[in-house]
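This briefing covers how a few elements of the fold are arranged and which residues join them. Please look over the sequence and structure below before reading on.

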Amino acid sequence: MTGPDDGAAIHATGAADAGDSMDGVDAAEPIRDAGGPAGAAGRADVTERRLHPVTPFRRAWAPVAVLAGWAVHDPNGTQEQLARLTTTALLLGLAVLVPVAGLYGFLSWWFTHFAVTGGELRIRTGLLFRRTAHIRLERIQAVDVSRPLLARVAGVAKLRIDVVGADDKDELAFLGEQEARALRAELLARAAGFAPETAREVGEAPARELLRVPPRALALSLVLTGATWGSLCAAIVVPAVLWLTTHSLWTVLATALPLLGAAGAGSAGRFAGEFDWKVSESPDGLRIDHGLLDRTHETVPPGRVQTVRIVEPVLWRRLGWVRVELDVAGSANSVLVPVAPRPIAESVVSRVLHGVTVPQELSRPPLRSRWYVPVWWRGHRLAVTDTVFATRHGLLRRRLSLVPHAKVQSVRLSQGPWQRLWRLADVHVDTGADKTVTARLRDAQEAERLLHAQAERSRTGRREARPDRWMTSG
């Protein structure tokens with residue numbers, strides 16, 4: 001995987017700026033100019049822009065948050081201090097705090113600028129300590145637009161830039177909704193190789209809808225999830241046991257209410273986050289739109305998907321439903337399809353992994369492996385095709401992991417003493433997303449052959465793989 005030294009997200013530190021900085025900008029990096037001499041020569045012609053005028057209201061909460069953190073850290077001391085204050089002192093404190101918070105929010109907004117230059121996105125912020133992030137446009141792999149509930153009311157949006165080799169996403173919060181979409185389209189066009197003078201005219205690439213999850217199906221899938229039932233069982237069983245042992249109504253209520261709240265909050269939060277889930281295909285990758293209160297517009301970068309997992313909970317099997325998850329190099333995007341019929345989900349997977357067909361026939365481990373792992377040995381399966389290395393594990397919750405040969409970084413074989421006794425071995429495949437997919441309980445000789453064959457498939461796959469670049473046509 002590409003490291004930070006390749007100039008993926010270049011951060012520079014200057015002199016004299018304010019203690020505020022853009023999220024995701026690390027000022028500890030050495031100064032490096034991605035634009036080169038040409039970029040330096042053209043900097044005078046670059047027009048810097050500010051964030052939306054509502055941004056100061058968001059940043060004005062910082063001093064209030066500091067006071068709230070102090071109060072939570074020492075609640076007794078806070079209570080004592082408040083008890084000593086008179087009403088007049090409290091009013092004077094508020095009269096000072098509100099203008100200071102407002103001034104902080106205004107200054108942090110006033111000294112934050114961004115600009116798109118010939119080869120980079122530059123984000124400059126701070127009053128006392130100047131911080132500048134230089135993001136090379138060709139290293140951008142995704143640009144997401146999110147609109148929290150209050151931001152939707154105000155008509156603004158947050159732009160998050162996912163860069164190869166950067167652990168955290170840089171963000172611009174907030175921009176006008178139309179400005180955020182226009183800037184996203186421009187950045188993606190520039191990342192795809194369009195010239196600066198035409199990138200703004202290209203606009204957002206057209207998209208074709210592949211999948212939309214109905215709210216009813218999403219709600220039913222959450223009801224049929226094992227985690228939901230586990231939380232409900234805990235909320236019923238634990239209070240019942242406490243009642244039998246303590247006969248204290250207050251103890252039972254103090255335990256039952258948080259457990260019931262946690263069970264409901266988990267399902268409700270997931271429903272709100274995955275509501276109206278839509279997957280569309282466009283020249284810049286697969287687009288994902290979702291959210292009930294907070295709407296999010298994400299992009300699955302083409303060529304950056306390392307592993308695809310098809311998850312099949314036991315209660316979903318009668319309905320033929322599955323969930324599709326992703327491992328994307330340098331990105332936190334992890335869900336592709338929250339719930340869908342298996343044929344539809346597999347068709348979406350084929351759009352993410354071009355030329356890949358999900359294997360239907362997988363081989364079991366040798367029969368003698370039941371002595372090494374009783375019962376659960378039946379859940380381990382393996383299939384190797386011309387395009388992917390596929391393993392499945394789990395009996396109640398099946399997980400089928402698909403790794404394209406071109407994404408395999410290394411292959412390892414492991415064999416413990418107890419495995420040697422039963423002539424078994426595990427084959428581990430490492431991907432560029434710092435994840436490992438393991439084919440467990442294979443025959444030792446088969447594992448040895450698989451090790452060498454997979455190493456050769458990986459070399460061949462990398463030579464023939466499509467480049468990790470934005471597509472310029474549908």
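Helix 10 and helix 11 are roughly antiparallel to each other, because their angle of about 180 degrees is over 145, the cut-off for that term. The model is a predicted one.

**The pair of helices**
- Helix 10 covers residues 226–246 and helix 11 covers residues 249–274, and their axes lie 9 Å apart.
- On the side of helix 10, the residues in contact are T228, S231, L232, A234, A235, V238, P239, L242, W243 and T246.
- Helix 11 meets them with L249, T251, V252, T255, A256, L259, L260, A263 and S267.
- Sorted by class, this contact of helix 10 with helix 11 holds 13 nonpolar and six polar residues, and no charged residues.

- Six strands form an open sheet with antiparallel pairing, in the order 14-13-12-17-16-15.
- Strand 12 (residues 305–313) runs antiparallel to strand 17 (residues 397–404), and six bridges join the two.
- I310 has L400 in strand 17 as its bridge partner.

**A helix on the sheet**
- Helix 9 (residues 215–223) packs on the sheet and touches strand 13 (321–328) as well as strand 14.
- The direction of helix 9 makes about 95 degrees with that of strand 14.

How values were computed
Residues numbered from 1 in each chain as written. Predicted model: local features only at pLDDT ≥ 70, side-chain atom pairs only at ≥ 80, totals over all residues. Heavy atoms only, no water. Pairing = 2+ DSSP bridges. Helix = DSSP H or I, 4+ residues; strand = E, 2+ residues; numbered from the N terminus. Contact = heavy atoms within 4.5 Å. Axes fitted to C-alpha atoms, helices over the stretch in contact; angles between N-to-C directions. Parallel < 35°, antiparallel > 145°, perpendicular 65-115°, else oblique. Nonpolar A, V, L, I, M, F, W, Y, C, P; charged D, E, K, R; others polar.
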